[in-house]
Amino acid sequence: MSTPVLVGIGSNQNREACLQAALDALADWFGELALSPVYESPAVGFDGSPFLNMVAGFNTAMPLAELSRRFKKLEADHGRVRGSTRFTARTLDIDILTYGEKVGVFCGVELPRAEILVNAFVLKPLADVAGSRLHPQCGQSYQDLWQLHRAGPPLHKLNFSWRGRIISSAVGGAEASDQGIG
């Protein structure tokens, strides 16, 4: 059985290359991806270079525990060092935001991820890629949640291409929306 999954991808070190590598791995593992535009935002919780953030959606039959293990290995393969400091520079950060309609903590993964309702750099790309989908816990659409969101530093959409496909454009251009996940 296939489960719709939404993941947040971020980097503030070797940013473009790390996002490209993450998308390559996701496409190799899961096939068709629904992708949000790429946004730049200031580092939160520490002084550091700005982050690039986006959301990718896909369907998978892979169990949640295996998905989490693969993402941690992919992060490590791209130089991510896990430590005691939560807010720090990152080469690659992949967070499972939703896994189907699961609510709670499963295999050490909080679902849906609390950051969805807090951080603009998570909620905006999520609204772009899955705007009409409902948050599994609060029942509101991601688009409605984004319209109500007022906190945090500003986001700036950037030019970003992957595998010859324009993912986002800083000026004009259509944004991704509800690209067929789940």
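Which residue follows helix 1? That's Gly31, and its phi is positive, near 80 degrees. Keep in mind that this is a predicted model.

**Helix 1**
- Helix 1 covers residues 15–30, so to speak a run of 16 residues, and it reaches 22 Å from its first C-alpha to its last, close to the 22 Å expected at 1.5 Å a residue.
- Its buried residues include Cys18, Leu19, Leu23, Leu26 and Phe30.
- Arg15 is on the buried list too, along with Ala21, Ala22, Ala25 and Ala27.

**Helix 2**
- Helix 2 takes in residues 64–77, and its end C-alpha atoms sit 20 Å apart, which agrees with the 20 Å that 14 residues should span at 1.5 Å a residue.
- Leu64, Leu67, Ser68, Phe71, Leu74 and Glu75 are the buried residues here.
- Looking down the axis of helix 2, you'd find those buried residues within an arc of 125 degrees, so they line one face of the helix.
- The buried residues of helix 2 pack against helix 1 and several strands, among them strand 1 (3–11), strand 4 (51–60) and strand 5 (93–99).
- Just past helix 2 comes Gly79, with a positive phi of about 95 degrees.

**Cys138**
- You'll find Cys138 in the loop between helix 3 (120–130) and helix 4 (142–148).
- Cys138 counts as partly exposed because its relative accessibility is 37%.
- Pro112 is 26 residues away from Cys138 along the chain, and their C-alpha atoms are separated by 10.0 Å.

Notes. Residues numbered from 1 in each chain as written. Predicted model: local features only at pLDDT ≥ 70, side-chain atom pairs only at ≥ 80, totals over all residues. Heavy atoms only, no water. Helix = DSSP H or I, 4+ residues; strand = E, 2+ residues; numbered from the N terminus. Expected span 1.5 Å × (residues − 1). Buried < 20%, exposed > 50% of the residue type's maximum accessible area, 1.4 Å probe, protein only. Arc of directions from axis to C-beta. Contact = heavy atoms within 4.5 Å.
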